[in-house]
Amino acid sequence: MDRRVTYSVTTIAEIVDPAEQARSAAPPLLSIRNVAKRFAAHIVLSAISFEVAEAEFLTILGESGSGKTTLLRIIAGFEQPDSGELWMSSQRLDNLPPYRRPVNTVFQHYALFPHLTVEQNVAYGLRIRNTPSSELATRVEQALAMVKMSTFGKAKPAKISGGQQQRVALARALINRPRLLLLDEPLSALDANLRRQMQVELKALQREVGISFLFVTHDQEEAMVMSDRIALLRNGALEQIASPREIYNRPATAYTAQFIGHTNLLRARVKGGIACCQSLSWPTQAADGPALYSLRPENIRVAAEECTRDKVRFRARVRNQAFHGATTLLQVDCSDGLALSVLMASSTGVEGNLELEFAPADAVPVRESLETA
Amino acid sequence: MFSRAYRTAITIPPLFWVVLFLLTPYALMFCYSFWSVSSALSIVHQWNLGNYRELLEKSVYRATLLRSMGIAARVTILALLLGYPLAYYLSFRRTTRKDLLYQLVIIPLWVSYLVRAYAWKTILGSEGVLNTLFEYLHITHHPLAFLLYSPFAVVLTLTHIYTPFTFLPIYASLEHIPRTLVEASQDLGASPAQTFWRVVFPLSVPGVLAGATFAFVLSLGDFLAPLLLGGPSGIMISNIVVSLFGAAYNWPLGAAISLCMLILVVGLLFVAERLERRWSLS
């Protein structure tokens with residue numbers, strides 16, 4: 001009896017991370033309520049609702065044209081929603097002009113003022129608020145130190161590199177101590193290496209300052225690395241909002257499963273608790289009828305020596321291999337013609353015919369995504 | 001990329017043009033300014049500084065030059081006050097029919113200078129549109145004399161003619177300002193007025209400098225507007241040059257004035273250029 005109790009407690013701790021618990025308890029910082037926007041006949045956003053918690057790193061992820069930038073611009077105040085409301089704590093935001101909103105933005109191409117030095121750029125927000133010059137000087141110094149740009153204070157933006165401009169833009173926004181920082185694809189102009197480095201730095205910085213970040217990107221990997229939660233937008237509608245782990249392991253729709261990471265979509269038919277997809281079949285809780293399952297390539301493995309009852313086993317032939325370093329992505333054909341992607345450690349070294357298996361729990365039921373485009 | 005011979009070949013015609021029609025006349029003018037006229041009205045090819053001495057000694061030249069610069073300064077200020085808001089409105093506030101309005105600003109440039117000057121004559125004259133209207137409305141009982149044949153008329157006409165010249169460079173510089181800079185400024189808490197003075201205006205200064213240079217230099221050297229509408233009190237320095245080369249037949253003195261004007265204008269252009277470059281580099 002004792003052992004069972006201990007066991008269940010650890011399970012909960014594993015599933016619910018502490019930040020998530022804190023979030024659900026505290027009132028949200030920003031709530032977006034039924035925000036909709038159309039440009040002429042084109043619907044850009046259709047009734048988006050979600051909330052951003054205090055000190056949360058939330059990423060709005062979507063392909064180009066999904067409406068993610070428009071949503072950010074509505075929050076910053078550069079676009080007016082056709083309907084819906086924005087609330088920050090108890091303050092209504094959507095009828096305030098941009099310069100009265102307690103949010104700051106890091107723009108995609110940084111938008112540093114070319115006629116001002118780095119220092120003057122960073123000091124801009126404080127100057128506007130008539131901050132006393134002694135306080136201004138120390139805060140500018142701190143802000144530049146925070147982004148490791150102290151030595152560039154006197155330089156003009158044209159004289160520093162893209163990554164450095166990025167840091168200055170960040171300092172210029174954060175020095176105002178906004179309650180929410182909006183970031184519009186700030187890393188997209190950087191090369192791959194610098195980008196990965198900035199992802200880590202940005203995340204660390206967010207933890208350090210404790211300000212909520214609302215980050216827009218089209219790069220799912222970036223979203224996974226940095227976010228506490230990801231809001232996936234598709235054609236102006238919210239497809240799913242969840243933590244990176246949950247959105248990856250429990251995608252709600254076929255689109256989510258395919259957009260976040262790589263997956264095999266299995267179109268199955270359920271009858272009496274058994275899902276059938278061509279020659280494969282596995283137990284499921286879904287009701288009878290057609291159903292769609294997502295099975296991640298890394299969840300298909302080479303079958304163990306002894307046969308276990310709780311795994312689905314099948315034979316397949318390797319058609320193609322793509323070497324990615326530590327892992328290799330295989331394209332395999334099952335005997336009935338079903339094509340699957342399988343990801344395995346490169347050290348496994350496989351060829352020809354294979355005996356493969358997967359756990360029924362890894363075949364995650366997903367909703368069909370509506371074709372709206 | 002191109003052969004040496006080819007590059008030399010395409011350089012010769014423009015060079016020839018510049019030497020023949022620009023440098024030679026200037027050189028001639030330079031020489032004339034150091035010559036003099038005999039009592040028999042023939043040019044005496046004898047080098048002397050008499051013309052320049054006369055310019056310094058006779059106050060009429062200095063007074064006219066100062067008046068010309070005063071008129072040019074007023075024209076410049078008025079043209080900027082008209083051209084800047086117009087350019088700002090077109091660039092930042094209009095979203096529809098921008099091209100049409102832009103064309104409307106440009107079209108006056110296609111109309112002959114003389115037509116525009118004469119138009120003002122019919123508006124400002126003692127029997128003109130304005131005076132007739134005022135008398136009809138019993139605002140005045142006699143034609144207002146200051147309207148025509150006065151510095152006022154010259155400033156008004158020159159402002160009308162040179163406003164597009166200030167508008168164009170200002171408009172171009174405003175169009176080049178990335179709109180995200182305006183958004184960034186507002187995002188950092190600046191009101192539209194603060195954004196204008198801290199971001200938009202500083203970034204448009206090169207355009208303002210270019211426009212001001214155009215208006216000042218072009219109106220300083222203008223002689224048609226003062227000739228047609230200036231009257232005796234609206235005479236400008238170029239009118240004196242015209243009469244010296246014409247009726248007075250004193251080419252050497254005319255050349256001396258022209259050379260002084262040239263040095264003044266080139267100096268101005270140099271300063272404006274330096275200011276512009278410093279502003280855009282900084």
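View 1. Six residue pairs are in polar contact across the interface of chain B and chain A, both residues at pLDDT 80 or more. A polar contact is a pair of N or O atoms within 3.5 Å; within protein, one must be able to donate a hydrogen and the other to accept it, and residues adjacent in sequence count only if both atoms are side-chain atoms. On chain B, the elements giving two or more residues to the side that touches chain A are α8 (179-187) and α9 (192-220). Helices are DSSP runs (H or I, at least four residues), numbered from the N terminus. The interface has one salt bridge. A:R73 and B:E183 form this salt bridge through their side chains (2.7 Å, N to O). The rule asks for a side-chain nitrogen of Lys or Arg within 4 Å of a carboxyl oxygen of Asp or Glu.

This is a predicted model: local features need pLDDT of at least 70, side-chain atom pairs count only at pLDDT 80 or more, and totals for chains, interfaces and linings use all residues. Residues are numbered from 1 along each chain as its sequence is written, chains are lettered from A in the order in which they are written, and side-chain values use heavy atoms, without hydrogens and water.

**View 2. Chain B meets chain A.** Contact (heavy atoms within 4.5 Å) links 19 residues of chain B with 23 residues of chain A. The buried area is about 1,900 Å², with 62% from carbon and sulfur atoms. Buried area is the accessible area (1.4 Å probe) that two parts lose on being put together, summed over both.

View 3. The domain assignment, automatic or from a database, gives domain 1 (18-257) and domain 2 (258-366).
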